[in-house]
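Could you walk me through this structure in plain words, as a short report for someone new to the subject?

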Amino acid sequence: VLVNYTSTRDFVISNNGTDNLIISSYSFIGSNPLDFSITAGGGGLPRTITPAGNHTITVQFQPSADNTRSASLRIYHNDTNNGSPTTITLQGVGVAAAPIITLNQPNPWDFGQVGIGLTSAQDVEISNTGNADLHITSISLNTGNEFVIGQVVDSGSNPITPAPYVCTIAPSDYIVVTIEFTPTSATQYLDTLVIVHDDIVTGSPLNLSLQGEGRTP
């Protein structure tokens, strides 16, 4: 996770016994306790969880520095069989500088109905909202039949060398990929735009599902 950015995980506290489970408090201890917090489900204490019931808490990780950050979440309760507190070990890695890939189209990206033999050309912006250069090593389509890549240009409308469209996107910059959809029959078409990159926060490849339907004129 980028330094000062956030990531969350949900934890479910279940009562598998026959009496009420009472959660009295939570606390963080360890090397970096201030980098972790409960952002949802931590209020309303003491909290009673009835038999066969459960309660979800959301733990947020917001690294204040780079490298590995760790802490332990202590949950205090009245379960005498397992002992209180119950301790959960937490760990994350703060990244000082990293790219973040962002798309301005929804996933899946729907081209709607297009007449058979006609072409609908639509654009998707691939932006870098991180604080380090984003390196794209390839942009491709799974099938490339009814959907094709028309062109790829930078933010100044300069063409980027054709496939595999290797390029570098600076922080706060973007490129534009034009996808052309030309249906050949009255049916629904599916494809996937595959973007291979070096954003370790989002994970590579980034797959954008494409869909569209051919319409009889």
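Ser 25 has Tyr 76 as its bridge partner in β6. A quick word on terms: strands are DSSP runs of E with at least two residues, numbered from the N terminus, and two strands count as paired if DSSP finds at least two bridges between them. In general, strands of a sheet pair through backbone hydrogen bonds, either parallel or antiparallel.

Keep in mind that this is a predicted model, where local features need pLDDT of at least 70 and side-chain atom pairs need pLDDT 80 or more, while totals for chains, interfaces and linings use all residues. Residues are numbered from 1 along each chain as its sequence is written, and side-chain values use heavy atoms, with hydrogens and water left out.

| Strands | Bridges | A facing pair |
|---|---|---|
| β2 (residues 21–29) and β4 (residues 47–49) | 3 bridges | Ile 22 and Thr 48 |
| β11 (residues 134–141) and β13 | 3 bridges | Ile 136 and Cys 167 |

The β11 and β13 pair is part of an open sheet of 5 strands, and its order is β9-β16-β15-β11-β13 with mixed pairing. At the edges sit β9 (109–115) and β13 (167–169), each pairing on one side only. From one strand to the next, the twist averages 30°; the angle is taken between lines fitted to C-alpha atoms, using N-to-C directions on a scale from 0 to 180 degrees.

Now back to β6, which holds Arg 69. How many salt bridges does a search of the whole structure find? The search turns up 1, where a salt bridge means a side-chain nitrogen of Lys or Arg within 4 Å of a carboxyl oxygen of Asp or Glu. Asp 35 and Arg 69 form it, with their closest N and O atoms 2.7 Å apart. The two are 34 residues apart, with Asp 35 in the loop between β2 and β3 (36–40). Are Asp 35 and Arg 69 buried or exposed? Both are buried, meaning under 20% relative accessible area, with exposed being over 50% and partly exposed in between (1.4 Å probe, protein chains only).

Strand β6 also contains Asn 67. Asn 67 has a positive phi of about 75° although it is not a glycine, and at 52% relative accessibility it counts as exposed. Ser 172 has a positive phi too, near 70°, and sits in the loop between β13 and β14 (174–181). With 71% relative accessibility, Ser 172 is exposed.

Finally, the inside. The largest nonpolar core has 27 residues, and Ile 139, Ile 149, Ile 179, Leu 193 and Leu 210 have the most contacts inside it. Such a core is a set of buried Ala, Val, Leu, Ile, Met, Phe, Trp, Tyr and Cys residues joined through side-chain atoms within 4.5 Å. A second, separate core of 13 residues includes Ile 49, Phe 61, Ala 71 and Ile 75.

Note on methods: Helices (H or I, at least four residues) and strands (E, at least two) are DSSP runs, numbered from the N terminus.
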